[in-house]
Amino acid sequence: MKLKAFLFVGLIGVMASCGGESNAPATESKPAAAPAQEEAVVETSADVDPMENVGIGPIDELEFDEEIDEALAASGKEVFEAKCTACHKTNKRYIGPSPQGIYERRNPAWVMNMILNPDEMVAEDPIAKALLAEYASPMANQNLTEDEARAVVEYFRTIE
Amino acid sequence: MLKKALYGLAIASVAFSSCGGPSADGGKKATTGALGSSVAEKAYVAPGEYDEFYAFISGGFSGQLAVYGLPSGRLFRVIPVFSQDPEKGYGYNEETKPLLNTSHGMVPWGDAHHPDISQTGGKVDGRWVFINENNTPRIARISLKTFETEEIIEIPNSAGNHSSSFVTENSEYVVAGTRFSVPIPQRDIPISEYKGNFQGSLSFLSIDKEDGDMDLAFQIRMPGFDYDLSHPGRGKSHGWFFFTTYNTEEAHSLLEVNASQNDKDFIAAVNWKYAEQLIAEGKFTEEAVKYAENEWDESTHMATSTIKKSVKVLDASKLPGLVYFLPTPKSPHGCDVSPDGEYIIGSGKLAAELTAHSFTKIEKAIAEKNFDGEAYGIPILNYEAINAGAVKNPGLGPLHTEFDGKGNAYTTFFISSEVVKWKLGTWEVIDRHPVYYSVGHLMIPGGNSREPFGKYLVAMNKITKDRYLSTGPEVCQSAQLFNIEGDKMELLLDFPTVGEPHYAAGCPADLVHPNTTKIFKLEENNHPYVTKSEKEARVVRDGNDVHIYMTMIRSHFAPDNIEGVRVGDRVFFHITNLEQDYDVPHGFSMIGANTSELLIMPGRTETSMWYPKEVGVWPFYCTDFCSALHQEMQGYVRVSPKGSNTPLTYTLDDDPLDM
């Protein structure tokens, strides 16, 4: 009896969330709605300061020079376009979030670890876990070297 | 509660009574009784732990090679070699089709028999597995980095490539000996004129030290016998190769009677070092033939097939010193050389004893010209002069022998269904153990080398009726695993096998496991139709050919909406997997395509060909469950009527791809 009641409650929850989405006007554009939703999920489920959290992986801290290293950023752009653009666009939410303005939301070391160690990150890190729950597609491990990942995070500084 | 206890009791009593009672394995179970569990532990590999050995077990008529772990008997993978395999798209995608090309055209099936692992300095080195195809004579090389077939060479002047594919102790050569003698060159003659007109050939394929590339170096023309099995000399007999023969009667019909007339057949001892010298001296004839040489290019992810047109032939009848015959009773099958290279064991299928020749005595008999006549100009050595001893009354129907590296030999007996352990030099039987049933070959890891790893023995059985749950009239073949560390062989495990295994090769896992490829690097992908990023994805029309440059990553294709394809087109899907993560392949299948799916590894490009036959909007999808959104990994191709002018478009999320 108890179990049944629990299931029933669960079902209502599912139905409510389904109903909510299907009631949304069909004309509402996906990209416009998405970013706000992402931030909402992350902040309610992650009891950490995203600017302080460096994540889990080989990088303990990363501080940027004041000046952007343009050569490094250019090589990062190349790597990003070859290995990352199937899931990340710089101008919109895609399979994964856009890296635009990422350092206003995340610690640079966290971004490095997300690139280099995505499996452990989505299993253990509260922010990465929340992102997985939201996007459903796990961050792919594209086997970038540490140097390549460093170049990519430098490139992210140049995206406007 | 009561019910449960009763149930438990019932189970326990059944278990006990079956242990105590007479059982199929001749009462062995009774002696182990409750201790039987300790046997299970010896074959048990806990979840998450690795096996100690790899076993590569041939699939026989499946045409493939299966990869098992020992001691668990777990099947890890079936590597497609000589047969098309829709599970992996092998032989269906445009890249691997050329591997199955032959002088007879594309042959979609093969009969895979004897795998052997490459060696360095007489030890297995875990780099490649070689395996022969019996029906359309071929040898394949499989990489143990990628577990994929990298090369297949067809063998000309040959038929029924059985005495194959064993390698010499520094992987100088892999051999291919004909099973059936045939007219060479092929011609229209009465079959009754077999004797003296049909001939055999033994082929030596050189192996490149670095990349394993095989090359048909030379063939030796032989009398018209059947050549059954072979093994390389090693240690002191390195430089020689030994081939068993049957049908030295040269019968052409009802061989089960007519090829069993002679009291002794031969083991052909071939001096391949001398053959190299003869080739260098130009003592060969260049003959016109036709055979396919198919090679896989790791960089372009494509195989190419080349038809070759000549072969260097050495005539054993006219070149004294190249081949000698060792008389061996009676229709010998296995031809197995002891780890030190001294003893050549002939397993006469119809003989009452196992015959061991001594290499030292063979050399002496050759030096003293101690011959008992000749056959087609090839000297027959005196049997007594070369005989080292015999295992008396070992069993019925000996087939094949392997060695443990500790002075013992193990022979399978097909008719009496047993494995017999005996001692080299004293020839005494030490132990025997029944198998279930009708055992063919056996394998000890490193068995065809100077240093066998004498811990486990695998017996490969032809028949298993009543041994497992029934599956209709056909039941699986089986392998049985023995521990051979002690004086007595200990049966640890039965496990089913794929097809009808003829032989196996094994090696320690450490030689292979750390070196396996995990991904193919996108930047090293030189496939002519590669698409390295979504931006580059596109569709190009070239007359009636449409080339779709597509990418895949969890969990979408790019593009996923394609329009402007017409009935009568020939459509190529060139699909690149953009993943760079271990074990994330994606599949691709197109409704109505007269081929198989593709299964594309991370960083790889593969091509599927499709003829759209009907107007409509046709879906394609990913066949390998790749992520939570795998079910969403799909797309559509719109097919318009022939001659229509629907514009060619390709999009993802309704956007062009190069934005």
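User: In what order do the elements of chain A run from the N terminus on?

Analyst: They run α-α-α-α-α-α-α. That is seven helices and zero strands in chain A. Both terms are DSSP runs, numbered from the N terminus: helices are H or I with at least four residues, strands are E with at least two. The model is predicted: local features need pLDDT of at least 70, side-chain atom pairs count only at pLDDT 80 or more, and totals for chains, interfaces and linings use all residues. Residues are numbered from 1 along each chain as its sequence is written, chains are lettered from A and ligands numbered from 1 in the order in which they are written, and side-chain values use heavy atoms, with hydrogens and water left out.

User: How do you know that chain A and chain B are in contact?

Analyst: Contact means heavy atoms within 4.5 Å. By that rule, 22 residues of chain A meet 22 residues of chain B.

User: What area is buried between chain A and chain B?

Analyst: Buried area is the accessible area (1.4 Å probe) that two parts lose on being put together, summed over both. Here it is about 1600 Å², with 47% from carbon and sulfur atoms. A:Lys83, A:Ala86 and A:Gln142 supply 25% of what chain A buries against chain B, more than any other three residues.

User: What makes the pair A:Glu81 and B:Lys535 a salt bridge?

Analyst: The rule asks for a side-chain nitrogen of Lys or Arg within 4 Å of a carboxyl oxygen of Asp or Glu. The side chains of A:Glu81 and B:Lys535 meet at 3.2 Å, N to O, so the pair qualifies. The count between the two chains is five salt bridges. On the side of chain A that touches chain B, helix H3 (residues 70-83) gives the largest share, three residues.

User: Why is B:Thr96 called buried?

Analyst: Buried means under 20% relative accessible area, exposed means over 50%, and partly exposed is in between (1.4 Å probe, protein chains only). B:Thr96 has 8% relative accessibility, so it counts as buried. B:Thr96 sits in the loop between strand S3 (75-79) and strand S4 (101-102) of chain B.

User: What makes the pair B:Thr96 and B:Asn93 a polar contact?

Analyst: A polar contact is a pair of N or O atoms within 3.5 Å; within protein, one must be able to donate a hydrogen and the other to accept it, and residues adjacent in sequence count only if both atoms are side-chain atoms. The side chains of B:Thr96 and B:Asn93 are joined at 2.6 Å. The side chain of B:Thr96 also reaches the backbone nitrogen of B:Gly91, at 2.8 Å.

User: Is B:His301 buried or exposed, and how do you know?

Analyst: B:His301 has 2% relative accessibility, so it counts as buried. Its place is the loop between strand S18 (285-297) and strand S19 (302-315) of chain B. The side chain of B:His301 reaches the backbone nitrogen of B:Thr605 at 3.2 Å.
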